[in-house]
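Please look over the sequence and the structure shown here before reading the report that follows.

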Amino acid sequence: MDNPGPDTIVRGMTHDLIIVGGGLNGAALALAAARSGLTACVLDALPRAARMSGDFDGRSYALAQASQRMLAGLGLWDALAEHAQPMNEIKVTDGRVGAAEVFLGLHFQSAELESGPMGYMVEDRHLRPTLLRALDDTDGITLRDGARVTAQAVEATGVTVTLEDGTTVSGRVLVGADGRQSGTATRAGIRRTGWRYGQTALVCAIAHERPHHGVAHQLFLPPGPLAILPLTGNRSSIVWSESTEAAAEIQALPDEAYLEVLRPRFGDFLGEISLAGTRYAYPLGMTLANAFTAPRLALVGDAAHGVHPIAGQGLNAGLRDVAALAHVLDHATRRGEDIAAPQVLDRYQSWRRFDTATLAASTDLFNRLFSTDNPLLRAGRDLGMALVNAAPGLRRGIIREAAGLSGDLPDLMRG
Amino acid sequence: MGKVVTSTVDASEIAKFEAMAAEWWDPNGKFKPLHMLNPCRLDYITSQIAAEYDRVLGTPAPFDGLRILDIGCGGGLLCEPMARLGAEVVGVDAAGRNIPVAQAHAAQSGLEIDYRHTTAEALAEAGERFDVVLNMEVVEHVADPLAYLTACRQLLKPGGLHICSTINRNPKSFAMAIVGAEYVMRWLPKGTHEWHKFITPDELFELMSQAGLEPVDRKGFVFNPVSWKWRLSDRDLSVNYVTAALAPALPA
């Protein structure tokens with residue numbers, strides 16, 4: 001580590017990047033920037049111990065193939081591979097609670113991609129400590145935990161951030177990787193557009209009797225979609241959407257009663273099920289920052305956009321921001337450009353803002369279409385599904401999109 | 001400004017740029033087209049220098065030890081990146097008002113750059129020598145291109161690298177660079193360019209050869225109106241293009 005502690009506040013000691021937020025996106029950005037020779041100070045509001053706990057808490061991520069490539073590019077995949085569950089297949093099924101499921105015939109297989117599985121399931125307890133260890137081991141990265149930002153000032157020659165303890169950190173570019181409630185965005189006067197769905201996602205991990213064979217399931221049920229995503233061993237991660245009122249009731253139930261509600265939705269194809277971690281409830285909504293950049297400032301991840309987690313695209317979209325910003329900064333550095341110049345940061349914004357708005361709108365449409373009991377909508381949707389399946393080109397397009405392989409790929413996400 | 005020794009600079013051309021000097025560093029100001037083109041120019045310049053001097057881009061200060069001259073430096077849009085990459089940079093401009101603008105900005109960027117109000121001819125006469133001469137979007141503004149390119153060659157150390165970009169002369173370049181950029185898009189003030197001064201790539205190669213330079217490469221700068229970006233092209237040199245040439249090496 002270079003210059004930790006008091007040195008960072010000495011005038012003239014500036015970091016190329018000040019990254020507010022020590023989550024997955026913030027850490028990944030610091031590592032990516034270091035590969036371009038840029039220094040970074042990561043300010044994490046949480047104490048380090050909170051990030052390093054090795055117990056399984058039920059949280060996991062569906063990493064698209066592009067995200068996996070990026071982690072590999074950052075040198076992290078060797079440590080993660082043994083804990084990652086490949087997703088070889090995604091089955092999309094339509095159904096009604098308790099009724100026999102209707103297989104919609106929408107079937108995505110990784111064999112339709114050029115290489116590798118469609119994605120991987122990785123648990124938070126493995127991903128987070130791997131990133132933190134890499135931050136410690138990388139020259140040019142300073143990590144300050146328990147560091148809460150109270151003020152930020154942008155000047156012609158740099159940006160200065162003031163922490164709760166009164167110390168200041170100065171740098172060339174400020175990056176907000178501080179989530180949906182991004183203080184960095186708020187302090188910069190960036191407003192957000194957002195809406196709620198009146199739905200809540202119930203998230204938990206379960207253990208089941210029979211092996212999942214690396215198959216992910218997306219069940220479209222009238223109350224909302226249910227995703228069953230394979231974890232290592234005979235375990236799966238569940239993302240289950242219900243109306244806000246119903247979800248509040250279900251979340252309040254004791255474990256056994258909770259499972260009783262889940263069982264008819266889940267079905268019995270994996271045998272008996274039991275809980276394997278903490279239960280979470282996340283109100284679903286979409287937020288989009290009105291700008292992803294401001295003078296000397298860029299927003300990444302949920303600070304820029306929070307999408308409905310229906311397709312597991314939240315972290316993937318965040319990593320795509322990180323890869324795009326790192327790409328823009330890397331190319332600017334190679335050319336000798338000022339990384340903080342407005343025209344440099346604009347390249348990041350114009351790259352990502354369009355992609356993100358498209359993803360937000362299509363995910364929204366997808367969810368509205370599948371969370372319905374309206375027979376007309378259902379008929380139209382089933383016809384659409386059949387068409388998608390009959391047209392291999394279109395289906396392959398959807399697979400590549402879900403795997404994060406469509407569009408203009410940042411260097412870090414190329415194979 | 002007074003006449004600086006024997007100069008091939010056209011006095012009315014200098015006045016046009018003096019009027020625009022303060023706008024140099026506004027990416028959305030009058031020099032917006034140059035800011036838009038700059039990444040593409042820098043990609044070409046940096047890769048040519050790296051290849052010629054065996055430097056690795058992406059490492060700290062890859063151009064350390066190289067002395068680079070930028071002719072027609074304006075506000076320093078090329079000088080600053082070269083200095084950031086570790087080069088010792090001299091920027092000259094025949095328009096005196098650009099010099100304080102460039103100096104002020106370099107100070108703000110924390111960069112050391114030697115900006116001078118002079119001409120290529122005067123520098124050559126004073127015996128200054130460089131590893132690299134950047135001659136970007138200048139040759140179409142000078143009164144005597146051959147005399148000017150000869151001065152550029154004299155400014156190079158033996159085997160030194162000369163990078164020169166300009167605008168082709170054909171109906172398309174007239175439509176794009178003058179009607180499009182000056183009248184339709186209002187990117188450039190009317191009268192910035194005079195079409196008859198534009199030079200075709202073959203003419204430029206011939207002029208450079210006459211000036212004692214050995215042309216080694218040429219590429220097009222192509223604007224894509226859909227992505228709103230410039231890119232380098234091996235084939236399309238129909239409007240903006242860039243060339244690389246070498247000064248003769250010392251006899252072995």
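How many residues does the contact take from chain B, and how many from chain A?

## Basis of the model

This is a predicted model, in which local features need pLDDT of at least 70 and side-chain atom pairs count only at pLDDT 80 or more, while totals for chains, interfaces and linings use all residues. Residues are numbered from 1 along each chain as its sequence is written, and chains are lettered from A and ligands numbered from 1 in the order in which they are written.

## The contact between the chains

The contact takes 15 residues from chain B and eleven residues from chain A, two residues being in contact if their C-beta atoms, placed from the backbone, lie within 7 Å.

## The sheet of chain A

β3(A) pairs with β7 (residues 119-123) of chain A over five bridges in the antiparallel sense, and A:Tyr61 has A:Val122 in β7(A) as its bridge partner.

## Helices of chain A

The axes of helices α1 (residues 24-34) and α5 (residues 124-137) of chain A come within 10 Å and cross at roughly 35 degrees; helices are DSSP runs of H or I of at least four residues, and axes are lines fitted to C-alpha atoms, for helices over the stretch in contact, with angles running from 0 to 180 degrees between N-to-C directions.

Methods. Helix = DSSP H or I, 4+ residues; strand = E, 2+ residues; numbered from the N terminus. Pairing = 2+ DSSP bridges.
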